[in-house]
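This report describes selected features of a predicted model.

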Amino acid sequence: MYNSFHLIRKDLIIVQKFILLLIPYYMVMGFTNFDNYTVFALLPAMLLLINTCTMDVQQNNQKFLVSLPVPRQQIVLAKYLAMLPYSVLSFACTVLLYFIAFSVGRTTEPLAWRELLLCIAGFPLLASFYLPLHYWLGRKGTQVVNMVFIMLIMLNFAAIKQLMEWFPGLAEWVSSGKADSLLLPVIAVLGYVLILFCSYLISLRVFTAKDI
Amino acid sequence: MSDCIRLEHVHKSYGTFALQDISLGIKEGYITGLIGPNGAGKTTLIQMIMGMVRPDRGDVQLFGGQNKEQVPAVKERIGYVSDENIYYEQLTVKQMKKVIAPFYSRWNEDTYVKYQELFRLSPGKKIRDLSKGMKIKFSLAIALSHSADLLIMDEPTSGLDPVFRRELLDLLTEHIQDEKKSILFSTHNTTDLDRIADYIVFVNDGRIVFDEMKEALAEKYLLVKGGKELLDRDTRRLFLGIRESAHGFEGLMGNRAEGERYFKDTAICETPTLEEIMYFSVKGSELRV
């Protein structure tokens, strides 16, 4: 577990320059498209993950990781645990953007935190499809997988709208915070956790059996 | 004398190439040289020992236990120097060290600083801007700073200038003074091993040709130089490999006593160098194929 922390720290060190790029990203997006500010939370988190994964396979760096005194299982686990700091960072940046916009009078609406959480929750869900593919395809397939997932992120806003049309209860919860029944959210949360867990198991199985 | 690495009937195949039934032991407290031509399987063997490549069959044991992923303690005792860069190229030397150090409980910062100064590694320089030799020096500084009991080095001397090459060999000789330390050193430049190796493992075409003490090779092999009239169908069979020219022949025999009995009075009999053993063995196996 302690090694997972060091692996996440390693990921943050290798993307520290990219993190600085988030400042112009939020400035430009905040200026040009503030009305949809909640969806800004997904792209940085997903790009951070894609970046660290790409760097791991780009220059034989998986060989470096495997040469460390760390079991492969922890290398995979660290990638999943790293979603947490990426999500927190994206969430914090988006909230900061909202407060700046609020303080300069760009918006008077209260923070749409439920919508924001929904967007952030989309990140681990997308990542749970991305990571097994990343471990399976390795260096050869990374570019294609990255392209596909960046396109999926772009479709995120439309996907959330579609989701709300399919599930009016969800739209109700996002706008008012009220839910008619607890059953659907509980099933959704359980399904969400199950997808993440299955994704982790698939990634682990692929990576532990793989020649690096 | 125990083995720090033990391979038992290891097989691994990649399309047309295969490592076949590799069984060998790397002795603790010694420098073992892994030699063989390019593509013989040296790097695959090392990667298998490091757990990067999974054998199709057979066992790899490190320090007496099976090389299970669940035993990071075993990897803590290994310092790995690769023939290619495995570090993050966009990071500086200092950042890369900062990434690596926390993984090793026996990391010694003073030792690292000592080697950083000795190798003139600039902490602010990016890994991508280091020459191949400097990258090897960095790998070596890392490997030596966590008190590794076993150094596994894949072609560490390729790309090094002659001065540092010699310094590296001296450094390894000094490292091995501690009888608990061992080194596995792969190369196709056999002169490096002539200087420092205690044991030689020769791999060719995915098979172990021999795994012997270096001194024992001199007692086993014989290089014969003589006129072509000495070669007939029967005498040719005695050689592992022969090189013929307009003036005569040179051939390697795997049975020194027998060779001296046949050729002592009619040809020049010499102790072959490692390079000659490698050359004639590879040449001989190609002819047999």
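**Helix packing in chain A**

In this predicted model, α7(A) passes α10(A) in a left-handed crossing. The residues that make this contact are A:Pro124, A:Leu125, A:Ser128, A:Leu131, A:Pro132, A:Tyr135 and A:Trp136 on α7(A), together with A:Tyr192, A:Ile195, A:Leu196, A:Ser199, A:Ile202, A:Ser203, A:Val206 and A:Phe207 on α10(A). Sorted by class, the contact of α7(A) with α10(A) comprises twelve nonpolar and three polar residues, and no charged residues.

Helix α7 of chain A covers residues 113–154, and helix α10 of chain A covers residues 183–209. Their axes lie 8 Å apart and form an angle of about 10°. Angles under 35 degrees count as roughly parallel, and α7(A) and α10(A) are therefore roughly parallel to each other.

**A buried helix in chain B**

Helix α1 of chain B spans residues 42–49; eight of its eight residues are buried, so this helix is largely enclosed by the rest of the structure. The buried residues of α1(B) are B:Lys42, B:Thr43, B:Thr44, B:Leu45, B:Ile46, B:Gln47, B:Met48 and B:Ile49. B:Gly51, which follows α1(B), has a positive phi, near 80°.

**The interface between chains A and B**

Contacts between the chains involve 25 residues of chain B and 23 residues of chain A. On the side of chain B that touches chain A, α2 (72–76) and α3 (93–100) of chain B each supply at least two residues. The largest share of that side, three residues, comes from α2(B).

By class, the side of chain B that touches chain A has 13 nonpolar residues, six polar residues and six charged residues.

Notes
Residues numbered from 1 in each chain as written. Chains lettered and ligands numbered in written order. Predicted model: local features only at pLDDT ≥ 70, side-chain atom pairs only at ≥ 80, totals over all residues. Axes fitted to C-alpha atoms, helices over the stretch in contact; angles between N-to-C directions. Helix = DSSP H or I, 4+ residues; strand = E, 2+ residues; numbered from the N terminus. Parallel < 35°, antiparallel > 145°, perpendicular 65-115°, else oblique. Left-handed = near helix turned anticlockwise from the far one by under 90°. Contact = placed C-beta atoms within 7 Å. Nonpolar A, V, L, I, M, F, W, Y, C, P; charged D, E, K, R; others polar. Buried ≥ 20, exposed ≤ 12 C-beta atoms within 10 Å, placed from the backbone.
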